[in-house]
Amino acid sequence: MTHLVVDQLKFSYSDRVIVDGVSLDLRAGELLVLLGANGAGKTTLLRLIARHLKPESGTVSLDESDVANWSRRRFAQQIALMPQHENRGSMLTVIDVVSLGRMPHCGWWTPLSKLDQKRIDDALVATGLAALRERSITELSGGEWRRMILARAIAQDASVLMLDEPIAGLDLKYQYEVLDQVRQLTKQNQLVTVVTLHDLNMTAMFADRVAILSGNKLLALGSVEEVLQSDLIRQAFDVEVSVVRHPSLGTPLIIPLHHAAKLGIDERSAEKLHPGDKDV
Amino acid sequence: MNRSSRIVLAAFAFLALTSLVSLFVGAIAISPMDVAGAWLFGNAESLSATERTILSELRLPRMITTILVGGSLGIAGVGFQALFRNPLADPFIIGASSGAALGVTIAIVLGWQAAWFGLRASAFSALVGSLLLIAVVLGIGSISRRSSSLSLLLAGVALSSMVNSIVSLLMFWNEEKVTVIFAWLMGSLSVNNWQSIATTAVLFLIGLVLLWSMSRPLDAYLLGDIASQSLGLHLVGFRVWLVFGASIATASAVSAAGIIGFIGLIAPHIARWTVGPRHAWLIPMSACTGATILIFADVIARTIAAPTELPVGTITALLGCPFFLGLLLCRSRACELAGETA
């Protein structure tokens with residue numbers, strides 16, 4: 001059973017501390033959403049875990065083994081990162097890019113095996129890209145591009161999946177579909193999944209646990225109900241919000257208060273809008 | 001057999017045909033029927049002694065050198081375009097050729113004649129010069145964290161100018177060797193020394209094997225540093241091998257034939273348009289395309305003002321530039337028709 005432990009990670013650029021003593025403990029089958037304002041250190045934290053940056057102090061362990069000592073190939077077999085941005089200039093096709101997800105397993109030279117082909121085909125089907133497999137990546141829309149990178153991460157077949165803003169730029173349908181796929185994969189394959197998001201309501205719908213970074217430190221870590229509270233959100237984002245219960249899903253529903261005011265809602269009147277629901 | 005493999009096979013067949021034809025044309029035309037009579041049917045009298053000498057001691061070594069130099073420039077172009085993630089990079093533009101030229105010039109000035117493991121001193125000095133120049137360009141990139149591929153390219157252009165000036169100074173200070181250096185810098189494929197051909201062949205094969213073995217990581221590298229690291233690529237080690245592979249191919253070409261521009265730029269582009277961007281096909285196709293272009297250019301250089309032979313580099317630039325611009329225009333038009341914005 002996969003067990004990812006991030007222990008007291010610290011990182012600075014010059015004299016500016018970007019990530020300050022962050023610790024996380026994640027188990028197989030768990031989806032953690034990282035929240036935080038712009039510049040809070042979410043992407044840097046992912047890149048520290050992915051070993052793209054070297055921490056000043058602290059460790060990342062997978063199944064009680066310090067990943068700093070692993071070869072890059074062994075690391076990529078276990079931990080996949082879907083970055084926020086990638087170079088779109090190459091004229092590779094969708095199938096070429098998704099096939100690269102097998103590189104940590106088959107190396108530089110070995111031809112793809114039947115198992116590799118199956119993993120690639122499965123990833124394309126899971127992300128709804130089977131029909132676009134021969135399309136040049138220069139012709140993909142933003143949403144198709146994100147799904148392709150997700151397909152590559154799925155084909156990588158790692159036990160830890162880290163996704164940096166996977167729904168940025170997607171329309172509502174694909175936002176929902178991508179996060180639903182990620183959650184299903186996490187549960188079916190017992191992955192440890194860490195996702196950075198800006199959408200608090202999507203977070204409430206899909207996360208098992210939520211971590212908020214603020215001032216480059218871990219402000220809160222816990223269940224959706226424990227963390228998505230108006231005072232914590234105010235501290236992290238400097239925005240007043242009203243947190244009510246979603247009428248049909250029962251998850252926390254976060255409404256910025258100036259919008260709530262326009263709608264005639266405030267925290268005290270939230271119960272009046274949906275009698276029977278209470279602030280969480 | 002997929003489409004790319006069929007195209008590569010057809011391209012190699014075309015190269016074989018054009019190479020064969022190149023044996024028969026020149027200041028003195030030789031009939032293919034006479035050659036076939038002598039070589040295939042043992043009719044020794046169908047070729048004169050002069051024709052035999054021209055074929056075996058001039059045109060055959062020249063044809064092999066041309067294929068090796070063109071192939072080397074083609075794969076070096078692929079390597080440098082990938083390294084800088086910039087389609088404008090080629091050994092000539094980023095200065096690898098100039099670095100190699102400085103290395104050979106120093107070897108000529110100092111009179112180095114030694115051979116190590118059967119390889120000539122000029123080839124080693126070309127390799128060292130090329131490697132050093134690229135190392136300085138990449139060093140500039142590593143000092144400035146925000147260097148874009150364009151600024152690295154410009155650094156290469158600037159360093160190339162400086163190195164060319166050093167070559168000029170060395171020529172100025174060594175008047176007795178100016179003729180040798182200048183003749184070599186002009187670029188010539190008239191090599192009749194089999195040891196030189198062996199050196200070129202060995203360096204070309206090392207470069208080809210190195211770069212081809214990196215086909216899959218090269219595809220990943222084009223997606224960016226973060227993506228390629230996430231796929232298990234050790235960037236520093238990978239870049240070192242890539243620079244070495246591309247520089248050794250550059251050294252192979254420059255030490256054999258001087259500076260020949262444009263092939264390293266256009267061969268990868270033509271190859272990309274025919275077999276696509278996957279390096280497993282792109283690298284052999286670029287080698288084949290580079291060799292074919294240079295065979296054509298050499299035939300023109302030998303025949304257009306016969307018996308005077310023009311420097312082949314002038315032909316590659318004169319024909320390569322409009323050909324490349326024409327291809328660019330065709331491609332832009334095709335993109336417009338397909339509704340692409342790129």
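# A tour of chains A and B

Select helix H1 (residues 3-24) and helix H3 (residues 49-83) of chain B: the two pack at an angle of about 150 degrees, and their axes lie 9 Å apart. Keep in mind throughout that this is a predicted model. Look along the pair, and H1(B) passes H3(B) in a right-handed crossing. Now show side chains. From H1(B), pick B:Ser19, B:Ser22 and B:Leu23; they meet B:Leu55, B:Arg59, B:Leu60, B:Met63 and B:Ile67 of H3(B). Colour this contact by class and you get 5 nonpolar, 2 polar and 1 charged residues.

Move on to B:Asp90. This residue sits in the loop between H3 and helix H4 (96-109) of chain B. Is B:Asp90 buried or exposed? Count the C-beta neighbours inside 10 Å: there are 30, so B:Asp90 is classed as buried. The cut-off for that class is 20 or more. Next, display its contacts. Leaving out residues up to four places away in sequence, B:Asp90 touches B:Gly77, B:Phe80, B:Gly264 and B:Leu265. Then draw a distance from B:Asp90 to B:Ile266. Their C-alpha atoms are 8.9 Å apart, although 176 residues separate the two along the chain.

**Chain B as a whole**

Along the principal axes, its C-alpha atoms fill a box of roughly 65 × 55 × 35 Å. Colour by burial: 46% of the 342 residues count as buried. Of the contacts in chain B between residues at least 6 apart in sequence, 77% join residues at least 24 apart.

**Across to chain A**

Show both chains and select the contacts between them. Here 21 residues of chain A are in contact with 22 residues of chain B. On the chain A side, helix H2 (72-78), strand E6 (79-82) and helix H4 (103-106) each supply at least two residues. Which element gives the most to this side? H2(A) does, with 4 residues. By class, the side of chain A that touches chain B holds 13 nonpolar, 4 polar and 4 charged residues.

**An enclosed helix in chain A**

Select helix H1 (residues 42-49) of chain A. 8 of its 8 residues are buried, so this helix is largely enclosed by the rest of the structure. Among the buried residues are A:Lys42 and A:Arg47, along with A:Leu45, A:Leu46, A:Leu48 and A:Ile49. Step just past the end of H1(A) to A:Arg51, and check its backbone: phi is positive, about 65 degrees.

Now take helix H5 (residues 114-126) and helix H6 (residues 142-155) of chain A. They pack at an angle of about 145 degrees, with axes 8 Å apart. H5(A) passes H6(A) in a right-handed crossing. On H5(A), highlight A:Arg119, A:Ile120, A:Ala123, A:Leu124 and A:Ala126; on H6(A), highlight A:Ala151, A:Ile154 and A:Ala155. This contact has 7 nonpolar, no polar and 1 charged residues.

**Last stop: confidence**

Colour chain A by pLDDT. The mean is 87, and 92% of the residues reach 70 or more. Then select residues 269-280 of chain A. Over this stretch the pLDDT is below 50, yet the model gives it 20 contacts beyond near neighbours in sequence. Where pLDDT is low, predicted coordinates should not be read in detail.

Note on methods
Residues are numbered from 1 along each chain as its sequence is written. Chains are lettered from A and ligands numbered from 1 in the order in which they are written. This is a predicted model: local features need pLDDT of at least 70, side-chain atom pairs count only at pLDDT 80 or more; totals for chains, interfaces and linings use all residues. Two residues are in contact if their C-beta atoms, placed from the backbone, lie within 7 Å. Ala, Val, Leu, Ile, Met, Phe, Trp, Tyr, Cys and Pro count as nonpolar, Asp, Glu, Lys and Arg as charged, and the others, Gly among them, as polar. Axes are lines fitted to C-alpha atoms, for helices over the stretch in contact, and angles run from 0 to 180 degrees between N-to-C directions. A crossing is left-handed if the near helix is turned anticlockwise from the far one by less than a right angle, and right-handed if clockwise. pLDDT is the predictor's confidence in each residue, from 0 to 100. A residue is buried if 20 or more other C-beta atoms lie within 10 Å of its own, exposed if 12 or fewer, and partly exposed in between; C-beta atoms are placed from the backbone.
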